[in-house]
Amino acid sequence: MTKTCSFAVVHMAVAFAVGFALTGDVWVGSALALVEPACNTVAFYFHEKWWNRSKGPQAEPEDIQVPA
């Protein structure tokens with residue numbers, strides 16, 4: 001969970017930096033830092049659903065290891 005939280009902070013900082021660099025406006029950078037990561041979170045959820053469905057019904061999740 002710590003890694004996830006640190007990545008969220010980095011993601012928001014990058015979104016802010018890009019928005020500020022392109023517009024010079026702190027408010028636009030702040031808005032992007034909040035909206036863009038939220039949109040990516042929703043997009044990632046649907047991407048994962050699509051990805052898992054495209055692997056077929058017999059595919060196992062990648063994070064589960066089956067003992068040999």
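Which residues make a nonpolar surface patch of about 380 Å²? Val 10, Val 14, Val 18 and Leu 22 make it.

The model is predicted: local features need pLDDT of at least 70, side-chain atom pairs count only at pLDDT 80 or more, and totals for chains, interfaces and linings use all residues. Residues are numbered from 1 along each chain as its sequence is written, and side-chain values use heavy atoms, without hydrogens and water.

**View 1. The chain and its helices.** The chain has two helices and zero strands (DSSP runs numbered from the N terminus: H or I, at least four residues, for helices; E, at least two, for strands). Of its 68 residues, 7% count as buried (under 20% relative accessible area; exposed is over 50%, partly exposed in between; 1.4 Å probe, protein chains only).

View 2. Leu 22 lies in helix α1, residues 2-23. With a relative accessible area of 71%, Leu 22 is exposed.

**View 3. The largest pocket.** The largest pocket has a volume of about 210 Å³. Both α1 and α2 (26-54) give two or more residues to its lining, and α1 supplies the largest share, five residues. Among the lining residues are Phe 7, His 11, Pro 37 and Phe 44. By class, the lining has five nonpolar, four polar and no charged residues. A pocket is an open set of points on a 1 Å grid over the protein atoms alone, where a 1.4 Å probe fits, with protein on both sides within 12 Å along at least five of seven lines; lining residues have an atom within 4 Å of a point.

Note on methods
Patch = residues over 30% accessible without salt bridge, like charges linked within 9 Å, V, L, I, M, F, W, Y side chains within 5 Å. Areas by Shrake-Rupley, 256 points an atom, 1.4 Å probe, with all protein chains shown as cover. Salt bridge = Lys/Arg side-chain N within 4 Å of Asp/Glu carboxyl O. Points joined across faces, edges and corners; volume = space filled by probe spheres on them. Nonpolar A, V, L, I, M, F, W, Y, C, P; charged D, E, K, R; others polar.
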